[in-house]
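Please look over the structure below with its aromatic residues in mind. The report that follows takes them up in turn.

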Amino acid sequence: MRKKDGKWFYIFISPWLIGFLGLTLGPILFSIYMSFTNWDLFQSPEFIGIDNYKNLLTDDPIFWKSVGNTFFYALISIPLGMSISLWIAYYLNKKIKGITFFRILFYLPSVVPVVASSLLFIHLLAPTEGLINQALAIFGIQGPAWLLDPNWVKPALILMSLWGVGGGVVLLLAGMKGIPQELYEAAAIDGAKSSQSFFHITFPMLTPVIFFNLVTGMIGALQTFAQVFIVTAGGPDNASQMVVPYLFQNAFQFYKMGYASAIAWVLFIIIMALTLVVFRSSALWVHYEEGKANE
């Protein structure tokens, strides 16, 4: 009976197992090998050892510029987006008439495909005809050439990232709904103000959700691709170039597949290291109901 059950077990998981081996593990192992080769997709790969990594880390200024741009984007967009999503969720948690409409309104942009939202922001950020600069002109402010100015293109991409804060708002709102009302009632009896209740009850109880948003937001920000590829193509003068678009250029425009694989693994190491740091730090600031942040 055990042998029969074991056979059926492997039969039922075989579609997933075949997909995992052929479409996930296989390409991962293949990309590791490719990172040590010189391969243009047309000729046989030539093994060159660590030359790709050496050139990448010591002789490629564009790579380091893309790393700097990616970190700049992540360090500003993540805290800003999380703060705004927390602020929106706090007010959407109020019990007022018509609040469901506003919840839907703030969530809808997050389900718009990134290609559509990127094309939308190309028009919104246009130097003269863009709605953002036209709105600034009403107040006598001359808006910048957002996507054409090296000094403003990264702030423009950060502004675009705020379009999708609705996903984080939904998670935070769900977390707020799970906070026992008895805690607020006890705080009100003790004379706590709304701001004190927020910082001493709401925020600590939401730290698991904030932690999840931080990790997923960090991984997503460091892998930003579509916005850059569609809106700026890395320009002007590589001012908005980021790691994943640069990886794509090397792989499918310059046909340097081995070099692109090396970029992918360096990015993987960076993301893994930062994720581990965040997980290690979670014991200091993430509070669970059991009071054990590391469980």
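Does tyrosine 10 count as buried or exposed? Tyrosine 10 counts as exposed, because its relative accessibility is 54%, where buried means under 20% relative accessible area, exposed over 50% and partly exposed in between (1.4 Å probe, protein chains only).

This is a predicted model, in which local features need pLDDT of at least 70 and side-chain atom pairs count only at pLDDT 80 or more, while totals for chains, interfaces and linings use all residues. Residues are numbered from 1 along each chain as its sequence is written, and side-chain values use heavy atoms, with hydrogens and water left out.

A search of the whole structure finds 21 aromatic pairs, where rings of Phe, Tyr and Trp (its six-membered ring) pair if their centres lie within 6.5 Å, and planes under 30 degrees apart count as stacked, over 60 as edge-to-face and the rest as tilted. Two of these pairs are set out here.

| Pair | Centres | Planes | Type |
|---|---|---|---|
| Phenylalanine 9 and tyrosine 10 | 5.2 Å | 75° | edge-to-face |
| Phenylalanine 36 and tyrosine 53 | 5.5 Å | 50° | tilted |

Phenylalanine 36 lies in the loop between helix H1 (2-34) and strand S1 (37-38), and tyrosine 53 in helix H2 (residues 51-58), so this pair ties together parts that are 17 residues apart in sequence; helices (H or I, at least four residues) and strands (E, at least two) are DSSP runs, numbered from the N terminus. Phenylalanine 36 is partly exposed at 25% relative accessibility, whereas tyrosine 53 is buried, with a relative accessible area of 17%. One aromatic cluster is formed by Trp87, Tyr90, Tyr91, Phe198 and Phe199.
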